[in-house]
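Let's take a walk through this protein together, one piece at a time. Keep the sequence and the 3D view side by side as you read.

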Amino acid sequence: MKAILFLLLIVVGATAAAAAATPQINCQSWRLAVETNNIRDWTVPAQCKSYVSEYMTGQQYRDDCNAVVSTAIEYAKTLNVSKEGKDLWVFNIDETTLSNVPYYARPEVGFGTTKSNMLKFESWVKEGKSPAIPSALVLYKTLLDLGIKPIFITDTKEELRKVRMTNLKKAGYYSWFKFITKGKNDSSVYSEHSGNWKTQKRAELVKAGYRLVGNLGGWDDIIIDFLMRTFKMPNPMYYF
């Protein structure tokens, strides 16, 4: 009996020691840090899997998206839109106009707690089942009513252009002025001097005489370069 109690004490002690050695994370504070880009090159901590899952599938995420879009619409309505059709609004796709939550909810993906697997993600993209993010769709339709032309600049590979365009139309984004995908030679690496490939594409549009009045996207989309105003959508599932 004493031997059994002794073994139990050892097990309990080891468990307590392991728990003490594991850093405790306030997942709400962690989300704030990644949304403000204070933490970079991250994956979702295992301790925060349930928190991220509940956030992304709950009312708070929808409310946060609505808050971003409401501000963007208020701004768009103040613009003096040109009659020449030169005013453009730049949209990203992933976690901006379309949601990949059904993919990230899969057990093997775990809401971003596992290392990103591009082949598996592209397989999901090919299914063409990403639903619209409702608030972004409202912004898109509002911009059309205001006479502002929506364009897409997306990290989607050129070979996935057709399936992505079909998915967007199915989700309610039925037209756009330009759809710019990432080419094989386009680099996502950011430089203080030249930005990234999206910066270069925006520069080409401005040189052609267009005015980039706004942008909705993630961190690599909202670099202030040729954009008059940027709006970031919430996304604590993956870093890009």
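Start with H2 and H3, which pack at an angle of about 65 degrees with their axes 10 Å apart. Axes here are lines fitted to C-alpha atoms, for helices over the stretch in contact, and angles run from 0 to 180 degrees between N-to-C directions. Helices (H or I, at least four residues) and strands (E, at least two) are DSSP runs, numbered from the N terminus. The crossing of H2 past H3 is right-handed, which means the near helix is turned clockwise from the far one by less than a right angle.

Before going on, keep in mind that this is a predicted model, where local features need pLDDT of at least 70, side-chain atom pairs count only at pLDDT 80 or more, and totals for chains, interfaces and linings use all residues. Residues are numbered from 1 along each chain as its sequence is written, and side-chain values use heavy atoms, with hydrogens and water left out.

So which residues in H2 and H3 meet? From H2 come Cys27, Gln28, Trp30 and Arg31, and from H3 come Tyr51, Val52 and Tyr55, where contact means heavy atoms within 4.5 Å. The residues of this contact divide into 5 nonpolar, 1 polar and 1 charged. For that sorting, Ala, Val, Leu, Ile, Met, Phe, Trp, Tyr, Cys and Pro count as nonpolar, Asp, Glu, Lys and Arg as charged, and the others, Gly among them, as polar.

Now look at the loop between helix H2 (27–35) and helix H3 (49–57), where you'll find Asn37. Asn37 has a positive phi of about 65 degrees although it is not a glycine. Asn37 is also buried, at a relative accessible area of 13%; buried means under 20%, exposed over 50% and partly exposed in between, with a 1.4 Å probe and protein chains only.

Next, follow H3 on to helix H4 (residues 59–76). The axes of H3 and H4 come within 4 Å and cross at roughly 55 degrees, so the two helices are oblique to each other. Tyr55, Met56 and Thr57 in H3 meet Gln60, Tyr61, Arg62 and Asp64 in H4. That contact splits into 3 nonpolar, 2 polar and 2 charged residues. Notice that Tyr55 turns up in the contact with H2 and in the one with H4.

Further along, Phe111 sits in the loop between helix H5 (101–104) and helix H6 (118–127). Its phi is near 55 degrees, a positive value in a residue other than glycine. Is Phe111 buried or exposed? It counts as buried, at 6% relative accessibility. Pro134, in helix H7 (residues 134–146), is exposed, with a relative accessible area of 59%.

Helix H9 (residues 197–207) has Trp197, Lys198, Thr199, Arg202 and Leu205 as its buried residues. Their cover includes strands E1 (87–91), E2 (149–157), E3 (178–182) and E4 (211–217). After H9 comes Gly209, with a positive phi near 100 degrees.

Finally, step back to the whole protein. It has 9 helices and 5 strands, in the pattern α-α-α-α-β-α-α-α-β-α-β-α-β-β along the sequence. Of its 240 residues, 45% count as buried.

Conventions
Parallel < 35°, antiparallel > 145°, perpendicular 65-115°, else oblique.
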